[in-house]
Amino acid sequence: MPELPEVEVVRRGLDRWVAHRTVADVEVMHPRAIRRHLAGADDFAHRLKGHAFGAPMRRGKYLWIPVADTGTSVLAHLGMSGQLLVKTQQAPDEKHLRIRVRFEDAPDDAAPGTELRFVDQRTFGGLSLHENTPDGLPDVIAHIARDPLDPLFDDEAFHQALRRSRTTIKRALLNQSLISGVGNIYADEALWRARLHYERPTASFTRPRSTELLGHVRDVMNAALSVGGTSFDSLYVNVNGESGYFDRSLDAYGREDEPCRRCGTPIRRRPWMNRSSYFCPRCQRPPRSS
């Protein structure tokens with residue numbers, strides 16, 4: 001699944017090419033791509049036509065585009081393989097094109113003749129329209145916590161929540177109501193940098209330890225952002241269809257049996273919550289109770 005850096009890369013592309021453009025028409029090619037909009041494809045298209053998009057926004061892994069003067073937003077569920085692409089109207093349709101949004105271009109537009117396409121090979125993702133909360137979030141994600149790159153993220157509240165949560169640290173990092181945007185890849189990377197085992201109890205965290213971990217979370221996400229995110233295959237791309245290449249810089253995730261870049265010990269992989277955890281058994285020693 002795409003995590004915060006990959007979603008932020010898409011948001012920045014949409015902000016450049018889609019923000020403040022007026023929708024001329026919406027074409028839904030596959031009903032699954034609109035299944036979260038319970039009123040159906042015709043209603044979705046009707047409620048967008050003639051309205052301008054605002055500046056795209058993100059919280060954690062969630063991306064949405066406000067619809068001007070309506071109090072609603074289009075929420076994008078990228079799922080396992082969803083892509084939001086900006087293409088010229090003359091470009092051939094993608095094999096897995098699910099939704100097309102055309103715009104009313106004015107002569108002074110920066111991107112005349114381009115359209116927004118939602119492409120999804122596995123059809124797990126989709127677009128849907130939702131009412132906004134007073135804070136400007138689609139109502140269905142109002143429970144999602146701020147992410148660590150948000151200027152309003154509260155480090156002290158995060159530390160106190162860790163101490164109260166009585167869980168293990170990787171589970172806490174993936175809890176989107178506690179801290180959003182961190183998924184399996186960047187959790188493993190931050191924990192490797194912090195020399196913490198993924199089963200370390202959160203109740204044992206001191207304030208300096210929490211602060212240090214947050215610093216590593218931010219560092220790894222900013223490093224990924226600087227190179228376009230992590231793309232293990234052609235599914236995770238920006239709006240121009242280009243892949244990020246942070247996978248070349250990963251220190252733990254996906255490096256089973258390769259030497260730890262700090263101590264040379266082979267990285268290990270363990271099954272974890274229907275996923276995998278990658279760690280160095282020397283640098284990230286398990287807690288004594290494990």
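Predicted model: local features only at pLDDT ≥ 70, side-chain atom pairs only at ≥ 80, totals over all residues.
The largest nonpolar core has 30 residues, and F158, I169, L173 and L213 touch the most other members. Helix 3 (155-165), helix 4, helix 5 and helix 6 (207-226) are the elements that give two or more residues to this core. Around F158, leaving aside residues up to four places away in sequence, the residues touched are F153, L173, L178, I179 and L214. There is also a second, separate core, made of 27 residues, among them A33, L63, L78 and L84.

Aromatic rings come next. Four aromatic pairs are found in the structure. One of them joins F53 and F103 in an edge-to-face arrangement, with 6.0 Å between the centres and 75 degrees between the planes. This pair links distant parts of the chain, 50 residues apart: F53 belongs to the loop between helix 2 (41-48) and strand 2 (57-59), while F103 belongs to strand 6 (residues 97-103).

K170 lies over the face of W272, 4.5 Å from the ring centre. The charged end of R262 sits 3.8 Å from the centre of the W192 ring.

Finally, N175 is placed in the loop between helix 4 (169-173) and helix 5 (184-194). With a relative accessible area of 33%, N175 is partly exposed. Its side chain makes a polar contact of 2.6 Å with the side chain of S177.

Technical notes: Residues numbered from 1 in each chain as written. Heavy atoms only, no water. Helix = DSSP H or I, 4+ residues; strand = E, 2+ residues; numbered from the N terminus. Buried < 20%, exposed > 50% of the residue type's maximum accessible area, 1.4 Å probe, protein only. Polar contact = N/O pair within 3.5 Å; in protein donor to acceptor, adjacent residues only side chain to side chain. Core = buried A, V, L, I, M, F, W, Y, C linked by side-chain atoms within 4.5 Å. Contact = heavy atoms within 4.5 Å. Phe/Tyr/Trp six-rings, centres within 6.5 Å; stacked < 30°, edge-to-face > 60°. Lys NZ or Arg CZ within 6 Å of the ring centre and 35° of its normal.
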